[in-house]
Amino acid sequence: LAVGVATLFLIVTGMFNYITFVREAKAAGAPLPSAYHMLFGVKFLLALFVFFVAAILAGKTSLADKFRASMAQWLNFAWLAVMAIIVIGALMRTYH
């Protein structure tokens with residue numbers, strides 16, 4: 001339950017921020033470049049991967065047990081994805 005609530009919260013706030021930045025840029029007469037939207041798409045997909053890993057490792061199914069058998073590997077992949085998300089977020093800030 002906690003993973004699902006946290007996932008929902010992060011998706012909703014992320015989409016709100018994205019929509020707000022796009023609207024502000026259009027209102028200012030300088031729409032954001034396509035690179036910004038591309039970076040957002042990559043960041044969003046990486047976040048979905050992190051959410052999946054968190055949900056599957058916290059799950060109670062036989063599939064979750066299989067993932068937990070190699071938990072260190074999945075946590076390393078998730079950690080790399082989180083670091084990439086942070087770097088992409090910093091790059092996206094340069095467009096504001």
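Keep in mind that the model is predicted.

Let's start with helices α1 and α2. Helix α1 covers residues 2–27. Its axis comes within 10 Å of the α2 axis, and the two cross at roughly 175 degrees. Angles over 145 degrees count as roughly antiparallel, so α1 and α2 are roughly antiparallel to each other.

Which residues of α1 and α2 meet? On the α1 side, look for V3, T7, L10, I11, G14, M15, Y18, F21 and V22. On the α2 side they meet Y36, H37, F40, F44, L48, F51, A54, A55 and A58. By class, that contact has 15 nonpolar and 3 polar residues, with no charged ones.

Now the other partner of α2. Helix α2 runs over residues 34–58, and helix α4 over residues 71–93. These two pack at an angle of about 155 degrees. Their axes lie 9 Å apart. Again the cut-off is 145 degrees, and α2 and α4 are therefore roughly antiparallel. The crossing of α2 past α4 is left-handed. Sorted by class, the α2 contact with α4 has 22 nonpolar residues, 1 polar and 1 charged.

Last stop, helix α3, residues 62–69. How many salt bridges does the count give? The count comes to 1. The side chains of R68 and D65 form a salt bridge, at 2.5 Å from N to O.

Technical notes:
Residues numbered from 1 in each chain as written. Predicted model: local features only at pLDDT ≥ 70, side-chain atom pairs only at ≥ 80, totals over all residues. Heavy atoms only, no water. Axes fitted to C-alpha atoms, helices over the stretch in contact; angles between N-to-C directions. Helix = DSSP H or I, 4+ residues; strand = E, 2+ residues; numbered from the N terminus. Parallel < 35°, antiparallel > 145°, perpendicular 65-115°, else oblique. Left-handed = near helix turned anticlockwise from the far one by under 90°. Nonpolar A, V, L, I, M, F, W, Y, C, P; charged D, E, K, R; others polar. Salt bridge = Lys/Arg side-chain N within 4 Å of Asp/Glu carboxyl O. Contact = heavy atoms within 4.5 Å.
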